[in-house]
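I opened my notebook to record what I looked up in this structure, one topic at a time. The entries follow in the order in which I made them.

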Amino acid sequence: MLHTPATQATPDTPAHTRTRPLHWLATAGALAGIIAAAGLVQPATGTPADATGTTATATEEPAAKGPQATAPDAAAATYPLDCKGAPRAVTATAHGDLDGDGRPETVAAVRCDAGSGTPPHALYVLTQDPAEGSRPRVVATLLDTPQRRTATELTVRDRTVTATVLGYSGPEVPRCCPDTKQHAKWRWTDGKFRQELTDSAAKSV
């Protein structure tokens, strides 16, 4: 089972990001081949929930049999996302046993609910101890907001997280109209999340 301390799929991105409704600065360039380290299980004490937002249904893998059959609740987790006073929104979730321990994890797409513009997504992996009263917690960050990407079509299947990642080729591209598209996969292998990105030709996605 995956556990804290959480580590990121992109080692050069900070855990907190400054968000502004209308001025998301674009970053260009492919992010293929990035490998994320993440620590294996140590029980941790939960923290009170403060995440808000609605959850869209995504493709869901049947929960594995084990001491905890229910995937962590994304709405009950605390996320390392600084929204400068704006609420956080969980826009999609997917569930499945990513590390093969028999208990399902949850992958949550989260962004600041800024009310305008296109706030970027972060993708977080959540786990939860089977002990009664334990809280879901973030154990890995697959996509962070400084990458200025929007994640769609989030799924978990065959211990692999997949998503379509939309972005911008330059700062002159309007934030309403992403013009790049990549198909992303993350798989837990040898104690790490390994990321694969495939470019897809797209204009005005």
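I began with the strands E9 (180-189) and E10 (192-200), where strands are DSSP runs of at least two residues, numbered from the N terminus. E9 and E10 run antiparallel and are joined by nine bridges; two strands count as paired if DSSP finds at least two bridges between them. They form a hairpin with two residues between them, and in the turn Asp190 has a positive phi of about 50°. I also noted that Thr189 stands opposite Lys192 in E10.

Before going on, I wrote down that this is a predicted model, in which local features need pLDDT of at least 70 and side-chain atom pairs count only at pLDDT 80 or more, while totals for chains, interfaces and linings use all residues. Residues are numbered from 1 along each chain as its sequence is written, and side-chain values use heavy atoms, with hydrogens and water left out.

Next I looked up nonpolar cores, meaning sets of buried Ala, Val, Leu, Ile, Met, Phe, Trp, Tyr and Cys residues joined through side-chain atoms within 4.5 Å; buried means under 20% relative accessible area, exposed over 50%, and partly exposed in between, with a 1.4 Å probe and protein chains only. The largest core has 23 residues, and Val125, Leu154, Trp186 and Phe193 have the most contacts inside it. Among the elements that give two or more residues to this core are E9 and E10, but E6 gives the most, with four residues. I found a second, separate core of 13 residues, which includes Ala74, Cys83, Val90 and Leu126.

How many disulfides does a search of the whole structure find? It finds one, a disulfide being a pair of cysteine sulfur atoms within 2.5 Å. Cys83 and Cys112 form it, with their sulfur atoms 2.0 Å apart. This pair links distant parts of the chain, since Cys83 is in the loop between E2 and E3 and Cys112 is in E4, 29 residues apart. The torsion about their S-S bond is about -90°, so the disulfide is left-handed. Both Cys83 and Cys112 are buried, whereas Cys176 is exposed, with a relative accessible area of 57%, and Cys177 is partly exposed at 30%.

My last entry concerns Gln128, which is found in the loop between E5 and E6. Gln128 counts as buried because its relative accessibility is 16%. A polar atom of the Gln128 side chain lies 2.9 Å from the backbone oxygen of Ser134.

Methods
A polar contact is a pair of N or O atoms within 3.5 Å; within protein, one must be able to donate a hydrogen and the other to accept it, and residues adjacent in sequence count only if both atoms are side-chain atoms.
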